[in-house]
Amino acid sequence: MQKRILLTSFDTWLADQLSNSSDDLLIEVTKLELTTHDLTFLRLLPVDVQQASSQVIQKINAIQPHYIICCGMAASRTRLSVELAASSGETVLQTDVDLEKLVAGAVAIEISHDCGKFVCEGLYYSVLEYLNQSRLPTRCIFVHVPVLNPENLSAILADFLLIINNLALSSSC
């Protein structure tokens with residue numbers, strides 16, 4: 001049985017941005033036409049925690065994915081960063097996914113303990129909180145994506161595909 005995976009990305013938030021690297025990466029994944037996986041894309045989420053969270057939760061309820069990979073842009077980073085946790089005030093929620101196992105074999109992925117204080121952390125926290133409160137078996141991770149360029153695209157895409165494959169093929173991540 002194929003695992004249903006929901007992948008999300010954000011829209012731009014600054015006037016001078018031509019694109020958001022999280023969405024650029026998902027566009028690259030769609031070009032590959034991965035028929036071996038049941039992927040659903042929820043692209044160009046508004047850069048607003050409430051609106052983005054609402055759209056993602058609606059999609060979770062509609063498709064009931066096994067996994068969710070939320071993606072956001074991290075212009076200051078040079079490789080993919082998989083976030084361990086998100087916080088709201090004093091409350092910290094961690095993913096149930098074994099990140100060490102998930103990224104085994106990757107070339108340029110880091111496990112991060114700093115989801116930032118922008119919409120990325122807000123969405124990640126909201127989705128983790130919703131999954132916990134609803135007692136859904138769905139697991140969620142958040143991946144920060146650096147700005148993509150011709151020099152780093154193939155390595156970042158390969159590592160992102162490794163994440164997708166590891167989630168899709170493993171029952172223990």
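These entries record what I looked up on the sheet and the helices packed against it.

**Basis.** I worked from a predicted model, in which local features need pLDDT of at least 70 and side-chain atom pairs count only at pLDDT 80 or more, while totals for chains, interfaces and linings use all residues. Residues are numbered from 1 along each chain as its sequence is written, and side-chain values use heavy atoms, with hydrogens and water left out.

**Sheet.** I took helices (H or I, at least four residues) and strands (E, at least two) as DSSP runs numbered from the N terminus. I counted two strands as paired if DSSP finds at least two bridges between them. I found six strands in an open sheet with mixed pairing, in the order E2-E1-E3-E8-E4-E7. Its edge strands are E2 (38–45) and E7 (109–112), each of which pairs on one side only. Neighbouring strands are turned by 25° against each other on average, direction ignored. For such angles, axes are lines fitted to C-alpha atoms, for helices over the stretch in contact, and values run from 0 to 180 degrees between N-to-C directions.

**Strand E8.** I next checked how E8 (residues 139–145) is placed. Six of its seven residues are buried, so E8 is largely enclosed by the rest of the structure. Buried means under 20% relative accessible area, exposed over 50%, and partly exposed in between (1.4 Å probe, protein chains only). E3 (residues 67–73) runs parallel to E8 and is joined to it by seven bridges; Cys-71 has Val-143 of E8 as its bridge partner. E4 (residues 80–83) runs antiparallel to E8, with three bridges, and Ser-81 is partnered by His-144.

**Strand E1.** I found four bridges between E1 (residues 4–10) and E3, which run parallel. Ile-5 stands opposite Tyr-67 in E3.

**Helices on the sheet.** I used heavy atoms within 4.5 Å as the criterion for contact. H1 (residues 21–31) lies across E1, E2, E3, E4 and E8, at about 150° to E2. H2 (residues 49–63) lies across E1, E2 and E3, at about 160° to E2. The buried residues of H1 include Leu-25, Leu-26 and Val-29. Just after H1, Glu-33 takes a positive phi of about 50°.

**H1 against H5.** I found that H1 and H5 pack at an angle of about 75°, with their axes 11 Å apart. That makes H1 roughly perpendicular to H5, the term covering 65 to 115 degrees, with under 35 roughly parallel, over 145 roughly antiparallel and the rest oblique. Residues making the contact include Leu-25 and Glu-28 of H1 and Phe-160 and Ile-164 of H5.
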